[in-house]
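Colleague: I would like to go through the terms used for this model, one by one. Please set each value against its cut-off.

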Amino acid sequence: MALGSYTGKGARPVRNAPTRVLLHAIAILLAAAYLVPLAVVLLNSVRSAEEIAQTSMIGWPLAWAWGNYATAWSDFCIAQTCTGIQPYMLNSALVTVPATILSTLLGAVAGYAISLWRFPGHAWIFGLVTLGVFLPEQMRLIPWTIVLRDVGLSNTLTGLVAIHTIQGLSFTTLFCRNYYLSIPQDLIKAAKIDGAGFFRIFARIVLPLSPPILIVSTIWQFTGIWNEFLYGVTFTTGTQQPITAALIALTAAVADAPQYGVQSAAVVLAALPTLLVYLFGGRYFVRGLTAGAVK
Amino acid sequence: MAALAIRDVRKRFGTTEVLKGVGLEIENGEFTVIVGPSGCGKSTLLNIIAGLEKPTSGTVEIGGRIVDDVAPKDRDIAMVFQSYALYPSMTVRQNIVFGMECRNVPKPQRAEALARVARLLQIEPLLDRKPAQLSGGQRQRVAMGRALVRDPLLFLFDEPLSNLDAKLRVEMRMEIKQLHHRIGSTMVYVTHDQIEAMTMATRIAVMHQGEVQQFADPDTVYNRPANLFVAGFMGAPPMNIFSARVEATPNGVQATIGQGENAVALALPDTCKPHAGRAVMLGLRPDCIAEEHRRFGADAAGLTIEAPVEMSEPTGAETIVVLRIGGERALARVSPDTRPAAGSRARFSLDMRRVCLFDPGTGMLIA
Amino acid sequence: MRRIAEYVTIWVPLLLSAGHVVLFTAWTTWMSFTPSTLMPVSGWVGWRNYTAVLGTRNWSIAFDNLLLFGAGFVVLTALTGLGLAILLDQRIRGENVLRSVFLYPMAVSFVVTGTVWSWLLNPGMGVQKLVNGWGWTGFRFDWLIDRDMAIWTVVIAGIWQASGFAMALFLAGLRSVEGDLIKAAQIDGAGPIRLYTRVILPSLWPIAVAVFVILLQFAIKTFDLVRALTGGGPGLATQLPALVVYDFMFQRGHIGRGSAAAVLMLLTLLGVLLPYGAWKLYRQRRAARA
């Protein structure tokens with residue numbers, strides 16, 4: 001083999017043509033394999049239950065049953081309530097959106113206070129906050145149950161918002177703190193000499209530099225909270241449940257007479273918000289994953 | 001009245017003492033340069049003056065007022081940072097008026113001050129740009145503008161030129177010096193560059209290991225360094241240091257460098273007489289060793305010696321010769337066309353009026 | 001006034017965040033030593049909850065499953081991720097699209113993943129039925145209902161969901177290998193295989209350790225995926241510690257034992273994280289000294 005050339009980042013030796021064709025073929029096959037579950041559920045969402053029962057879960061729709069979506073959205077019965085997944089989707093949105101915004105904003109302030117304002121004790125409190133990234137949810141289930149009961153937020157969306165905001169702070173503070181470490185300390189010194197205080201420095205100097213990390217944090221929190229299941233199923237019941245818990249309830253409800261077409265439509269709808277976020281903000285999503293992981 | 005008085009300031013980080021009792025008094029209108037190698041505590045001292053760090057003990061007085069419990073913004077100071085610290089999301093204009101905005105200065109006054117400074121520094125065309133769109137030199141100017149617009153009692157500079165390339169650094173050095181002449185404010189300037197210290201300062205404070213080694217005007221620091229550290233730090237190439245013995249002879253006082261056949265005796269000025277019979281460290285600047293026929297001053301006695309040459313380095317403006325005196329290595333600055341060959345012997349004339357004697361134990365200047 | 005606002009803004013979120021971690025950990029640990037059943041009660045039963053939990057078949061099977069699932073999931077996901085990363089590192093066209101395809105499962109919830117894979121792997125309607133329908137009637141792919149193999153269905157779904165994430169980390173590592181190092185190896189005459197095995201991969205092992213630790217952490221915390229895919233069955237074949245905790249706390253109404261199981265989970269996690277933390281600290285110190 002001739003000496004390869006190294007051009008640009010990530011480029012490895014240029015090989016001969018057959019090898020490259022083979023590599024591309026493998027890549028395409030693998031990609032197809034990863035797409036199979038998505039394709040299957042998309043196709044099934046427009047197939048009728050009978051058709052699926054006759055053939056299999058995997059197949060091209062013979063008749064396009066678009067009605068599955070309408071049924072899944074507003075008619076389907078889950079545990080005696082025949083409202084479709086619509087109210088549960090709304091629940092998820094009502095929990096996810098405020099908790100995402102709150103945890104991101106508070107995390108930005110906390111990250112700024114730790115990394116740039118450097119109040120006494122900032123190092124150890126940061127250590128404790130990041131422990132929250134690792135602590136298993138199971139360690140917090142009973143305490144949260146009791147706290148929610150005592151403040152009167154049992155089985156409410158507000159309770160879930162509070163939980164996700166406080167727990168999300170571990171991640172958002174970590175993200176923002178690490179990002180803000182790259183802001184030179186001299187900027188803060190200069191602003192202090194100019195007479196700016198804690199809030200003015202945050203609003204005028206730190207915040208305008210923050211959009212990249214705020215996007216990362218927002219996407220991370222949105223995806224994480226929308227997809228969360230354990231708290232949803234533990235702290236809410238019935239029509240207060242978020243969509244993830246409702247999907248499990250739906251599967252259980254139709255165990256005897258599965259409605260795969262409608263169920264698939266429900267799954268597609270439930271996964272849609274985070275898939276859309278991923279589609280449009282994938283770059284930031286990956287950055288959040290790696291930033292949170294490699295820290 | 002002193003514009004700035006620092007009294008016995010100490011600073012400790014954990015177990016390391018960064019400042020070990022620093023005292024300085026700086027008069028109104030002075031341009032004081034604090035110079036020293038990295039880690040000597042000079043930037044910590046500047047931060048303490050600005051109020052960005054608290055000293056472990058000691059007091060700071062600005063304009064006759066003790067400011068130990070005064071916030072940086074209320075100390076009537078302005079500071080220029082090494083990194084310039086321009087707010088990246090603001091335009092040049094916003095950067096410059098940010099301080100006035102924080103202090104709620106009325107808008108017309110802001111505009112007036114901005115116009116004055118922009119004219120002074122000739123940055124009017126840059127006002128609507130963001131810092132990222134500026135060159136290094138332009139950023140430097142804007143950082144100066146942000147300091148100037150405050151019209152403070154005291155300007156603080158934290159190595160403001162060290163991020164510039166060599167040519168620009170020389171230009172800005174001159175500009176800052178001219179600026180000082182024009183506005184006559186008190187300035188404290190921290191740098192590790194001894195050339196900046198020599199060229200700009202009215203007084204230099206040389207710092208090392210958390211202590212002020214010498215605080216004097218540039219000529220004194222250069223010609224009469226207070227100790228061996230200052231002698232070695234100020235001047236490039238540094239002062240030649242020899243171990244020598246001082247003896248009184250019938251012909252006057254002399255110093256002997258080296259032993260046996262290498263030994264060289266140099267006549268010393270009469271002022272060295274009290275040290276006869278002592279072992280000393282003898283300091284002689286490279287510019288006090290020149291080619292044979294150089295005349296130092298009008299009344300030069302004209303001491304010349306012959307010495308083995310190790311190497312010649314022509315730099316264009318002069319030639320640096322590495323030679324041995326009494327077996328010890330020394331550097332000489334000779335005229336550019338004098339280029340003695342390596343391995344040869346050549347004659348040099350010495351300017352013994354500017355010799356310095358240091359105590360070999362304490363390293364302090366004794367004569 | 002301004003000062004107070006400043007302190008409140010700094011400390012309230014931080015204390016809530018740090019405080020709940022410390023307080024809840026202590027609280028649950030304390031409850032694991034009480035006779036709490038349906039409601040938390042005070043009292044002291046010593047290690048009785050722990051011995052009870054450790055004595056149940058439920059827990060011992062769950063823990064065995066975790067060992068099997070953890071090993072299978074972590075090793076196979078990391079290898080798949082590494083393979084994908086090396087593949088994408090070959091100047092493949094459309095790398096961005098491919099990367100997004102391999103990573104999209106990470107944006108989907110475990111509930112959705114579990115549900116979809118439970119359909120695909122269901123022998124009555126998934127892959128097996130499809131192949132049978134093609135005429136190969138003897139084909140069997142029924143791991144989902146096979147007690148011995150069911151745990152591997154969780155592994156398969158887990159790989160599908162997390163391998164793109166491992167790929168992203170490995171790819172970042174591959175891309176940060178110094179260009180000069182690769183040039184030097186090529187001038188030394190190293191072919192592509194040797195280039196990877198001798199030069200590139202050896203510099204990747206700190207990332208590999210990080211990937212292993214993160215995936216192991218996933219494995220220990222796995223709950224939703226199993227709930228949606230197998231519900232822990234058939235029988236106890238896919239029971240995992242996180243499900244046992246939930247089972248004790250909310251299905252059997254034994255908070256004391258559930259808390260003990262949760263603490264055991266935390267200890268398992270610490271068994272992974274503490275050595276990793278110590279190792280990172282050691283490397284930092286060594287780098288600082290060098």
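Modeller: Let us start with Cys272(B), which has a relative accessible area of 2%. This is a predicted model, where local features need pLDDT of at least 70, side-chain atom pairs count only at pLDDT 80 or more, and totals for chains, interfaces and linings use all residues. Residues are numbered from 1 along each chain as its sequence is written, chains are lettered from A and ligands numbered from 1 in the order in which they are written, and side-chain values use heavy atoms, with hydrogens and water left out.

Colleague: Why is Cys272(B) called buried?

Modeller: Buried means under 20% relative accessible area, exposed over 50%, and partly exposed in between (1.4 Å probe, protein chains only). Cys272(B) has 2%, so it is buried.

Colleague: How do you know how many disulfides the structure holds?

Modeller: A disulfide is a pair of cysteine sulfur atoms within 2.5 Å. Over all chains, the structure holds 0. For Cys272(B), the nearest cysteine sulfur belongs to Cys356(B), 9.3 Å away, so Cys272(B) is in no disulfide.

Colleague: What makes Arg47(A) and Glu51(A) a salt bridge?

Modeller: A salt bridge is a side-chain nitrogen of Lys or Arg within 4 Å of a carboxyl oxygen of Asp or Glu. Here the closest N and O atoms are 3.1 Å apart, so the pair counts. Arg47(A) is buried at 1% relative accessibility. Glu51(A) is buried too, at 7%. Over all chains there are 31 salt bridges.

Colleague: Which parts of chain C does the salt bridge of Arg175(C) with Glu95(C) tie together?

Modeller: The closest N and O atoms of Arg175(C) and Glu95(C) are 3.3 Å apart. Arg175(C) lies in helix α7 (residues 150–175) and Glu95(C) in helix α4 (residues 95–103), so parts 80 residues apart in sequence are tied together. Helices (H or I, at least four residues) and strands (E, at least two) are DSSP runs, numbered from the N terminus.

Colleague: Are Arg175(C) and Glu95(C) buried or partly exposed?

Modeller: Arg175(C) has 24% and is partly exposed. Glu95(C) has 16% and is buried.

Colleague: Why are α7(A) and α1(C) called roughly perpendicular?

Modeller: Angles under 35 degrees count as roughly parallel, over 145 as roughly antiparallel, 65 to 115 as roughly perpendicular and the rest as oblique. Helix α7 (residues 157–180) of chain A packs against helix α1 (residues 2–31) of chain C at about 105°, their axes 9 Å apart. Axes are lines fitted to C-alpha atoms, for helices over the stretch in contact, and angles run from 0 to 180 degrees between N-to-C directions. The two helices are therefore roughly perpendicular.
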